[in-house]
Amino acid sequence: MSGAYEENEGFDRTDGNGGDAAAPGPGEPETLGKPDEPDVVGGSADPGGPEAPDGPVPLDGAKPAPRIPLPRASVEDGEDPLPSPGRTVPLVLEHPVLKSLLGAWALAACSPEESAAVDEHLGECGACADEALRLREAVVLLQRPESLDLDPALRTRVLEGCLERRPPRIPVPEWAAPYDAETARLDALLQDFGDSEWHAPVRLRWFEADGTASRRTTVAGVIAHLLTVDGLVAVALGLADPLGEITAPTPAPASRTEAYWRASHYPPTRAVRGPWREQSHGIVRTASFTGSRSGRMPVSYGDFELPLHDAMLDRAFECWVHAEDIAEAVDYPYEPPAPRHLNRMIDLAARLLPDVLAARRLAGLSPGGTRRHLVAAGEPGRSLRLEIEGSGGGEWLIPLDSPGAVGSADHEVAHVALDGVEFCRLAAGHVSPVEAAAGQVGDREAIRDVLFAAASLSRM
Amino acid sequence: MAKKDVPLRWDRKMQQRLARGEAAALGELYDRFASLVHGLAHRVLGDERAADGITRDVFAHVWEHPDAYDPKQGPLRSWIATLTHRLAVQRLRVTETAALARGGPGTAEELERKVRHASVAARADYIVQSMPAPLRAALELAYFQRRDYRQTATDLGVTEDEARRRLRLGLQLLATAHDAGSPGAPPGYGGAA
């Protein structure tokens with residue numbers, strides 16, 4: 001977080017008000033030949049050790065020297081080049097030692113005795129005086145760095161501007177764009193994290209067996225999770241498996257993640273960021289090279305598979321969801337994806353719903369079927385209108401009774417309206433289907449089934 | 001030496017990928033350098049939107065003219081910093097001159113001083129970012145956290161001699177920000193990288 005800089009926001013050592021140097025506090029002149037401190041300037045071998053070893057010599061009626069160094073005077077404050085001389089009897093130090101002190105002196109980061117010794121020396125040594133001046137001018141140039149928080153939308157604007165001016169020969173496929181954008185956004189969030197952020201606790205939540213499941217980890221653990229599950233796409237594209245030698249009991253996302261976490265003796269650290277980012281860049285790059293041909297290539301998630309273009313959307317969605325988990329854990333704001341990317345993610349969820357509805361029915365999780373009306377594959381069937389509000393929204397007709405049926409407005413039996421981000425939180429298992437803020441009209445059973453199916457799209 | 005070769009190989013590869021027209025390479029380039037570019041531009045111009053504009057111009061230039069970078073002349077990072085510096089200072093001069101022409105306050109000399117000041121400040125930022133991390137850490141402790149060099153030595157787990165050496169060397173590097181001569185001259189973004 002570059003906290004070093006932020007904490008000192010109001011601290012300006014360059015505004016030559018001259019206060020410190022001109023008017024030494026009561027403690028300043030005390031610093032005379034402390035016999036217990038010779039080692040600071042070269043150790044016992046230093047022949048030019050303290051000149052006044054007989055203990056404190058009060059000047060100007062000052063009190064004897066305290067053992068603990070007092071706050072330093074800012075040497076560079078004030079207009080006059082040197083702090084008023086003669087207040088302390090300087091240490092006598094050799095030229096190489098004095099020279100080595102110039103940086104600390106310019107930063108007002110040495111003891112008052114040393115500072116005085118340097119001051120004294122500068123009157124006699126032209127080379128050191130030149131360097132001292134140069135280094136003090138350099139101190140003025142130390143500034144807090146500019147804020148590193150770049151507007152994530154700037155990336156899209158800049159890249160699009162470039163690509164308009166010179167169309168790419170190898171474009172990033174449209175279906176890979178949300179993943180490209182979301183990984184870049186998360187990486188920017190991680191950029192300034194210090195150790196305390198990397199180890200901040202995060203609770204991953206998802207919906208399982210019609211209840212909320214969760215798993216504790218850390219920010220670094222979440223990135224490890226993304227690394228291992230993105231690895232499914234990497235492997236499908238012919239890239240290396242981030243699990244390497246580690247074998248997971250099954251290729252399912254949770255199983256891979258747990259295996260990765262278990263295999264490490266220590267909890268994941270910030271070191272996981274590099275491999276994760278390298279892999280995500282590699283995925284975008286390789287997807288660009290394989291181009292539109294590869295979009296239909298299957299990516300296995302263990303118990304199901306998705307065509308590559310949907311798997312990339314799924315990974316973009318997961319990246320955003322977990323970036324929100326991380327942002328929440330470290331108390332940072334985090335925005336939803338760009339509307340057109342959000343729209344693609346919602347569309348993926350809407351397309352997956354009929355299969356999930358069918359699977360839930362088979363598993364006996366859905367009481368539905370009372371009104372079930374089977375039609376031939378490809379025929380219009382009973383449908384629910386899913387209306388997603390907000391930017392990135394739209395309308396989807398979800399066939400209720402069979403994945404083979406086609407959604408149809410003529411057979412609409414229910415209508416649900418949700419905000420886009422709320423729908424995604426539901427699909428991520430972060431909001432329960434009973435609590436999701438949804439406007440509902442029509443067949444209550446159908447609505448309940450669809451909301452529960454949406455929540456069960458989530459996983460660790 | 002191996003330490004230097006790796007980034008240079010990355011630089012060469014990046015240039016080839018850009019020349020080939022690979023959009024994914026442009027994204028990676030942005031991810032690596034956007035905060036550097038935006039930060040420098042902001043330091044010179046002191047304005048968010050103007051810095052956004054420079055960021056757009058810099059990446060557009062690299063994307064349209066990847067061959068303008070010569071890996072033999074130094075790292076891509078220095079080249080991009082130099083380009084950013086040049087474009088930002090140019091824009092500052094244009095906007096300030098226009099303001100002056102409209103009857104704004106100040107004189108031509110003040111304008112030159114402002115440009116020079118912004119130019120040195122941006123170069124100083126770059127030097128601090130690019131200097132070896134141990135030097136930067138020592139300066140941060142001594143300057144921003146007001147630690148004296150003995151405390152700095154303790155914090156960094158080094159000898160007091162070493163702490164003094166790092167503070168001095170860090171400031172020596174930083175002082176080279178003043179060395180570019182006139183603001184129109186190449187700002188010398190190579191040295192500290």
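Predicted model: local features only at pLDDT ≥ 70, side-chain atom pairs only at ≥ 80, totals over all residues.

Chain A comes to 16 helices and 8 strands, while chain B has 8 helices and 0 strands.

- Chain A has 460 residues, and buried residues make up 43% of them.
- For contacts in chain A with a separation of 6 or more, 72% are between residues 24 or more positions apart.
- Chain B has 193 residues, of which 45% count as buried.
- In chain B, 67% of the contacts between residues at least 6 apart in sequence join residues at least 24 apart.

**Domains of chain A**

- An unreviewed UniProt entry places "domain: Putative zinc-finger" at residues 100-129 of chain A.
- In the model, residues 100-129 of chain A are 70% helix and 0% strand, with their end C-alpha atoms 13 Å apart.
- For chain B, an unreviewed UniProt entry lists "domain: RNA polymerase sigma factor 70 region 4 type" at residues 127-173.
- Residues 127-173 of chain B are 81% helix and 0% strand, and the end C-alpha atoms of this span lie 7 Å apart.

**Where chain A and chain B touch**

- How many residues does each chain bring to the contact? Chain B brings 51 residues and chain A brings 48 residues.
- On the chain B side, the elements that give two or more residues include helix H2 (23-45), helix H3 (48-64) and helix H5 (108-130) of chain B.
- Which helix gives the largest share of the chain B side? That is H2(B), with 13 residues.
- The side of chain B that touches chain A divides into 21 nonpolar, 12 polar and 18 charged residues.

**The largest nonpolar core**

- This core has 162 residues, and those with the most contacts inside it are Met312(A), Val450(A), Ala454(A), Ala88(B), Ala142(B) and Leu167(B).
- H2(B) supplies the largest share of this core, 13 residues.
- Beyond its neighbours within four places in sequence, Met312(A) is in contact with Trp175(A), Ala176(A), Tyr179(A), Val233(A) and Ala287(A).

- H6(B) has 12 residues and reaches 15 Å from its first C-alpha to its last, close to the expected 16 Å.
- Among the buried residues of H6(B) are Leu135(B), Ala138(B), Ala142(B) and Phe144(B).
- After H6(B) comes Arg146(B), with a positive phi near 55°.
- Helix H15 (residues 420-427) of chain A is mostly covered, with 7 of its 8 residues buried.
- Phe423(A), Cys424(A) and Arg425(A) are among the buried residues of H15(A).
- The cover over the buried residues of H15(A) includes helix H14 (339-362), strand E5 (380-389), strand E7 (406-419) and helix H16 (444-455) of chain A.
- Just after H15(A), Gly429(A) has a positive phi of about 80°.

**One arginine up close**

- Arg256(A) sits in helix H11 (residues 253-263) of chain A.
- Is Arg256(A) buried or exposed? Arg256(A) is buried because 26 other C-beta atoms lie within 10 Å, and 20 or more are enough to count as buried.
- Leaving aside neighbours within four places in sequence, Arg256(A) has contacts that include Thr228(A), Val229(A), Leu243(A) and Pro251(A).
- The C-alpha atoms of Arg256(A) and Ala327(A) are separated by 24 Å, and the two residues are 71 residues apart along the chain.

Methods
Residues numbered from 1 in each chain as written. Chains lettered and ligands numbered in written order. UniProt positions renumbered as here; feature names shortened; annotations may be inferred. Helix = DSSP H or I, 4+ residues; strand = E, 2+ residues; numbered from the N terminus. Contact = placed C-beta atoms within 7 Å. Nonpolar A, V, L, I, M, F, W, Y, C, P; charged D, E, K, R; others polar. Expected span 1.5 Å × (residues − 1). Buried ≥ 20, exposed ≤ 12 C-beta atoms within 10 Å, placed from the backbone. Core = buried A, V, L, I, M, F, W, Y, C linked by C-beta atoms within 7 Å.
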